[in-house]
Structure formats: C-alpha cells, structure tokens
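Have the viewer open while you read.

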Amino acid sequence: MTNKEPDLTGRATVVHNLLVSWGSYLVFIAAGFIMPRMIDANVGQESLGVWDFCWSITNYISMANLGVGSSINRFVAKYRAAGDVYKLRVAVSSVCFIQSIIAFFVLTTVCLILSFIPLMFGEQLGTQTTATRWIIGAVGLSLVIELITDGARGVITGCHRWDLLNGVLAATRAITIVFMLFALLFGGGIIALGLIHLVVSASSALLRVIIAFRICPELKVQTSYIKKEQAKKMLGFGINTVAIGLPPLILTQTASILILTNLGPTMVAVFARPIALVHHIESFVNKFSFLMTPMAGAIKGTDRESEARKLVLTSTRYSTAFTFPLLSFLVVFGDEVLILWMGHGYVNWVLIASLSIGNLLVITQGPIVRVLIGVDLHGQIGFLNLALVLIIFSLGTMYLNHIGWDLDKVGILVAIPLTIGSGVFIPLYACKRLNIELRGYLGAIIRPTLCGLGFTVSLLITRFAYLQEGLIGLMLGLTFSGLLLITSYWFIVIPPEHQKRLTASLKKYSY
C-alpha cells in the first residue's frame, strides 16, 4: 500500500462512486416495483402481506448485527489513510470474530421464532402459517451468512470502492428478480421466493469476500490478530452506529406486526407499499450520504477535522435538494403512483402523505448522521434519540389501542416520533458537537427548500386542475414542475463554481 494520501473527496472520485451507486439503485428500485406486483398478481394480496410480515420479523432479527460489520469502513479508511497495516488487520479480524459469535445467536433466535410462530400468529396467518415459517427460516439463514461475511462489505467501502459493492448488489438484485419471476410464472409460491433469496444472497456474500481481499491485498484475517481491546472498541462503535439508525426500522417493522395483529395480513401489504416508496427515496439519497462516513473517518485520521463541517453543509444542501421534491411528489401524486403500480386496492392517501412528511427531515439529515458516525460522535445521541422515539411511539400505540386501529392513524403514529427525534433532535445535537452555527446549517437547507416549495405548489395546481384525470395531471405536473425545479436549482441552489464545472462538462461531452 502506498503512503501517498488518496484523493478522498476529489470530484472525480465522488462523481464516479455516485454514478455507480445510482446505477445500482435503478436495479434496486426496478426489483422493488416488479416483485410486489408479480406476487400480488400470481398469489394474491394476502400472500404479499405474509411476505411483507416475514421481512418485518427478519428485519427485527437483523438488529442483532449491532452495526459492527458495516461500520468497519470507518476504521479501514482511517488506518489505510494513516498507512497502519497492523491496526487494519487487527480491526477486521476482531470484527469477524464478533460477527461469528453474533451469527450463532441469530441462528438460535431464528430457530426459536420458527417454534413460536404458530402460537403467536397462527390465528391471524391461518393456512399461511407453514409458508411463513419457511420464508423466515430461509431469510434468517441468509442473514446468518451475511453476518459472518459482513466485514467484507466494510472493507470494500472503507477502500472507497462503492462502485464494486454497488455493482455486486445490483447484479445480485437483478439475478434474484429474474429467478423469482420465473418461479412465480411457473406456479411457484412465496416459499420458493424465500429459497431463491437464500441461494443468491449467499453467493453474493461469498463474492464480496473475494473482492475485499483483492482490493485490499494487505488485509489478513487471522486469530492472532484478534485483540480483546480492539473487539470491544469495534463492538461499542457498532452498537452506537446501530442505535442512531434504529428508530425508523423499529417503528416501521413494529407497525407492520401490530397491523397484522389488529387488521390482518392484507392490510400489512397495503401499509408496506407506501413504506417501500419512501424507502426507495431514502435509498436513492443514501447512495450519496453513505459516502460521508469513510470520508469523514479518513479526514479525522489525517487531522483535517475542520473539513467535516464543510462536508456537512455541502452534503445537506444537496440532500435536501434531492429529498424535498421526491417526497412532496409522493404527497401530491402518491395515490396515482400506487394505482399505476399495484391497483386501487392499495391506495390510502392519508397513509402515503403522513409517511412522506414524517420521513422528510429524517432522510434530509442523512449526511449529518453519516458524518457524526465517521468522526465517532454518534454514541450518546443515538441512544437518547432511540429512547425519545420509543416513548412517543409507545404512547401513540396505547392511544390507538384505546380508540381503535386503522391505517390512517398508523401512518401518523410512525411519522410524529420520527420527525421529532431523528428529524429535529439529532441535527441540533450534531450542529453543537461539530461546531456548526445553526444559522449556517439552516442556510444550507433554506434555498433548496424554497425551490422545493415552488415545485410542490406547481404540482398542487396541476393536480387540482386535472382532478378527474389523475394520470394526465401526473404527467403534466412532472413536466412543468420539473422544468421549474431545474431552473430554480440552477440559479438558486448550485454555487457558481459548480455551475462552471457542469457547463464545462456538458460542452466537453457535446463534442
């Protein structure tokens, strides 16, 4: 490994990684739209609800990961920037040791859950109980394999090879969707889908391990490199990382389980569709914000911590610019999107709007959270925010138990604690710890927000003008509002120096 410091924040490196990340995202979103529609068309809405419920259960189990494997990217970036090969090997070996222990407990947990599914949810699932156990078993086993090999993901991203990681993820997603489509078309059920997921995800995990050793040749994983102190440090860092990202996961998965218990599996499928739309937007923005963790970790490793503040302000500006119009589009035209995607049986406008608004600040603040993780300032705030969100959610759950459950109220139940906790509480803390003036931080947000409001107003005008012709309104709204947004971003959001670079790039590729 060369001692020359890599260009971690160079424009070419960042742009390349972003392009590959967003390319893989297109495959991801295609799979996310195609599979639910195919499951609904071939095996029915109830089976789709069972499929969604199984993923809610396994997503709960995935919390046992504790963030140790993926969070190694911060340490890999730091030690590679400093040229410390020994510490790099110690960090990765210690993580693999921790992950192996966690994987054993996860496997045990999956077995216990499979035993208790008939007792806990047999009445609600009925004839779908057997399928539920098969799917949870298959997805749970794939999770065990992911845990054992998850350190490779952190090594790849710590080496700033997001292009390779996202390439593997895109290929895995594409292969999975092809096999699942064939299974459904030839009469297979949701059990077959679970088994396909297991086989393909296991193959993908093995491929990531091979890539990690190829791009980081100095890497060695041996028992002699396992150090107790390093393992404790990694475990503590991983737990802190998980805590700061847990609230959205806990709230949505818990809501799915509560919906199954109170409203049945069909309503789980209805709830999961707007959640999926919001998640696609979050994944799109996170392709940008996830780059912040290894970059901030490398900056800290080379004593350039002041650059973290610049990262926060710049990335937050563009995160807001991406997030606001996408979520406001869901608020205005989300019902039409669901009609086109899944049909009228999945439309609940109040649910779509409340989930979109509730996740606006959460997704927008993604970069500042990733920078906090990169400079290791995310521990205390993660647990405080988790406690705050859970308290508010618990109070809301008790209130719904008293007045009765319906999907409109569930959307609001999820949105309120997310906005208060992850959307407001964390950014205020981050600005204080990173010595960022609140005025400066709000200044980074206000310009794209004003442009987004103009975009939203334009969408609303189009929607009400074509109230009885939703599809026409959607197409016209996207066209005119999109042109307005691009124009306003160019003159208001994009700095002059970036305008010059974009203009030069367009001229270059036009010849």
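Let's start with a crossing: the axes of helix H3 (residues 72-82) and helix H5 (residues 129-158) come within 7 Å and cross at roughly 45°. That angle is why H3 counts as oblique to H5. Keep in mind that this is a predicted model, with a chain average pLDDT of 82.

**H3 against H5**
- H3 goes past H5 in a right-handed crossing.
- On the H3 side, the contact uses Ile72, Asn73, Val76 and Ala77.
- H5 brings Gly151, Gly154, Val155, Thr157 and Gly158 to that contact.
- Sorted by class, the contact of H3 with H5 has four nonpolar and five polar residues, with no charged ones.

**H3 against H4**
- H3 also packs on H4, at an angle of about 165° and with the axes 9 Å apart.
- Angles over 145 degrees count as roughly antiparallel, so H3 is roughly antiparallel to H4.
- The handedness here is left-handed.
- H3 puts Ile72, Phe75, Val76, Tyr79 and Arg80 into this contact, and H4 answers with Lys87, Leu88, Ala91, Val92 and Val95.

**H6 against H7**
- Helix H6 (residues 162-185) and H7 pack at about 160°, their axes 10 Å apart.
- H6 and H7 are therefore roughly antiparallel to each other, and their crossing is right-handed.
- From H6, the contact takes in Leu164, Leu165, Val168, Leu169, Thr172, Ile175, Thr176, Phe179, Met180, Ala183 and Leu184.
- From H7, the partners are Ala192, Leu193, Ile196, His197, Val200, Ser204, Leu207, Arg208, Ile211 and Ile215.
- By class that comes to 16 nonpolar, four polar and one charged residues.

**Aromatic pairs**
- How many aromatic pairs does the structure hold? There are six.
- One of them is Phe53 with Phe121: the ring centres sit 5.0 Å apart and the planes are at 70°, so the pair is edge-to-face.
- Phe53 belongs to helix H2 (residues 45-62) and Phe121 to helix H4 (residues 85-125), so this pair ties together parts that are 68 residues apart in sequence.

- Across the chain, 85% of the residues score at least 70 in pLDDT.
- Which helix has the highest confidence, and which the lowest? Helix H7 (residues 190-215) is highest at a mean of 92, while helix H10 (residues 292-301) is lowest at 51.
- Residues 1-12 have pLDDT below 50, and this stretch has 17 contacts in the model beyond near neighbours in sequence.

Definitions and conventions:
Residues numbered from 1 in each chain as written. Predicted model: local features only at pLDDT ≥ 70, side-chain atom pairs only at ≥ 80, totals over all residues. Heavy atoms only, no water. pLDDT = per-residue confidence, 0-100. Helix = DSSP H or I, 4+ residues; strand = E, 2+ residues; numbered from the N terminus. Contact = heavy atoms within 4.5 Å. Axes fitted to C-alpha atoms, helices over the stretch in contact; angles between N-to-C directions. Parallel < 35°, antiparallel > 145°, perpendicular 65-115°, else oblique. Left-handed = near helix turned anticlockwise from the far one by under 90°. Nonpolar A, V, L, I, M, F, W, Y, C, P; charged D, E, K, R; others polar. Phe/Tyr/Trp six-rings, centres within 6.5 Å; stacked < 30°, edge-to-face > 60°.
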